[in-house]
Amino acid sequence: MFEKVLIANRGEIALRIHRACREMGIQTVAVHSTADADAMHVRLADESVCIGPASARESYLNIPAILSAASITGADAIHPGIGFLSENAQFAEMVEEHGFTFIGPTAEHIRIMGDKVTAKKTVMEQGLPVVPGSDGPVPTLEEAEKIGRETGYPILIKAAAGGGGKGMKVARNPDQLKEAYQLARGEARAAFGNDEVYIEKYLGKPRHIEIQLLGDEHGNCVHFGERDCSVQRRHQKVIEEAPSPALNAEQRAFIGDLAARTAAAIGYRGVGTMEFLFEDGQFYFIEMNTRLQVEHTITEMITGIDLVREQIRVATGAPLGYGQADIRFQGHSIECRVNAEHPETFIPSPGKIDGYHAPGGLGVRVDSALYDGYRIPPHYDSLIAKLVVHGTTRNECLMRLRRTIEEYVIGGVDTTLPLHQRIIAQQAFIDGNYDIHWLEQLMGMKK
Ligand SMILES: Nc1ncc2cc(-c3cccc4ccccc34)c(N3CC[C@@H](N)C3)nc2n1
């Protein structure tokens, strides 16, 4: 087991990782920018190292500074958290080359899944259902026209190096193809330095269902069920829930087992999430995330398993220690992502917290690094807290969520809490009857 882990991240996820380490008897090293000197995880960590100025490029993305901090503190391993360098294959390689353990998958798997074309090819070979379309990159407009004819419109042109919604263009008919194709390639080149694109049939009203996976380096892989992440705005998840109100037990077992078998077949190690679109009872693989996810919390709430602890354990080479039959699902969990933003305009609202009270009680979890008097810096993403509730039924969960949002006091800044209150009061949400476009339609952003 590791003696000391360096947490190469900030905010609520850095605190989350610190907590898991603390409970495992592992010492923690916090790294922080000058803007995060008074952050909660820095206060609680055994040691802390300032790795640079406020800008992420000079601090949380500064690989030499992070590796130096690991060296001078004598860390055994580095946990990349979420975002920043967590899916950077070169970072994973450099960590290992410098004698530290990278708490995550191999650089090879990060690379394979980071390229959405090789990701699809890899899972297709294992029999996982994917969205119909090109069976590889589409290098010319002529090829795109041919794929469009074969696939049938509407189609989606996606950047191979993209993901998370970046660099996607819809072509609803052949006349729109040329412009959509050229725009997609131009945006991909500008955003990722890689203009490779691929084409898929555009699914009009899907839900976004993701499967939580965990593999050890002995070829074992289990799944922890699904999360429904369809309530989103401009590819930013707002509310997530587990299990999905749209799946029955057979569908859950079908896609969970298939995803776990696929991950085992490629020898996947660590936590990972396979993303699917779900429409008309069919699943379609779109991407795999090779890192821990913000919404891992709701999976922990319905399984009772600490996924960060498991992630650290398998990184030491330990076997899973349990099989699929040992994983039980209990009740329902919903997470609200609380951002320091205006609830209607989403304009960021950094600043000093003036009055703070977190809700509590049975089945209530608040993952946040906030405290009264803390100053939210303007340099990073606006997620400031995750309000997570659990209930024996979805209804009990909704009642509890309503009460906890009402109880949650975050003074001094705007937050998205009022938006959450509004969403969970909608009949469509209460009925679990929503797709990936529902929130934007509710907010009048789409017809
Ligand atoms: N063939 C096909 N059809 C419809 C799609 C619709 C989306 C999509 C579009 C807009 C919001 C979304 C929210 C969650 C999941 C997917 C989406 C989508 N995404 C968005 C980000 C990335 N995860 C893939 N891929 C799609 N692919």
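A backbone N or O atom of Leu203 lies 3.0 Å from a nitrogen atom of the ligand. That is a polar contact, a pair of N or O atoms within 3.5 Å. The model is predicted, with local features requiring pLDDT of at least 70 and side-chain atom pairs pLDDT 80 or more, while totals for chains, interfaces and linings use all residues. Residues are numbered from 1 along each chain as its sequence is written, and side-chain values use heavy atoms, without hydrogens and water.

**Ligand site**

- Lys158 places a polar side-chain atom 3.0 Å from a nitrogen atom of the ligand.
- In Glu275, a side-chain N or O atom is 3.2 Å from a ligand nitrogen atom.
- The protein covers 94% of the 520 Å² of accessible area that the ligand has on its own (Shrake-Rupley method, 1.4 Å probe).
- The ligand is surrounded by 18 residues, each with a heavy atom within 4 Å of it.
- Gly165, Glu200, Lys201, Leu203 and Glu287 are the closest.
- Strands S6 (155-159), S8 (197-201), S12 (270-279) and S13 (282-289) each supply at least two residues of this shell.
- Helices (H or I, at least four residues) and strands (E, at least two) are DSSP runs, numbered from the N terminus.
- By class, the shell holds eight nonpolar, five polar and five charged residues.
- Ala, Val, Leu, Ile, Met, Phe, Trp, Tyr, Cys and Pro count as nonpolar; Asp, Glu, Lys and Arg count as charged; the others, Gly among them, count as polar.

**Helix packing**

- Two packed helices are described by the angle between their axes and the distance between the axes.
- Axes are lines fitted to C-alpha atoms, for helices over the stretch in contact, and angles run from 0 to 180 degrees between N-to-C directions.
- The axes of H4 (residues 89-97) and H5 (residues 107-114) come within 8 Å and cross at roughly 175°.
- H4 is therefore roughly antiparallel to H5 (over 145 degrees).
- Ala89, Gln90, Ala92 and Glu93 of H4 meet Ala107, Ile110 and Arg111 of H5, where contact means heavy atoms within 4.5 Å.
- The residues of this H4 contact with H5 are four nonpolar, one polar and two charged.
- H5 also packs with H6 (residues 116-125), at an angle of about 100° and with the axes 5 Å apart.
- H5 and H6 are therefore roughly perpendicular (65 to 115 degrees).
- Arg111, Ile112, Met113 and Gly114 of H5 make this contact with Lys116, Thr118, Ala119, Thr122 and Val123 of H6.
- Those residues divide into four nonpolar, three polar and two charged.

**Backbone features**

- Most residues other than glycine have a negative phi, and most peptide bonds are trans.
- Tyr153 and Pro154 are joined by a cis peptide bond, with omega about 0°.
- Pro154 sits in the loop between helix H7 (141-151) and S6.
- Another cis peptide bond joins Ala242 and Pro243, with omega about -10°.
- Pro243 is in the loop between S11 (236-242) and H9 (249-265).
- Arg234 has a positive phi, near 50°.
- The loop between S10 (221-233) and S11 holds Arg234.

Note on methods. Angles under 35 degrees count as roughly parallel, over 145 as roughly antiparallel, 65 to 115 as roughly perpendicular and the rest as oblique. A polar contact is a pair of N or O atoms within 3.5 Å; within protein, one must be able to donate a hydrogen and the other to accept it, and residues adjacent in sequence count only if both atoms are side-chain atoms.
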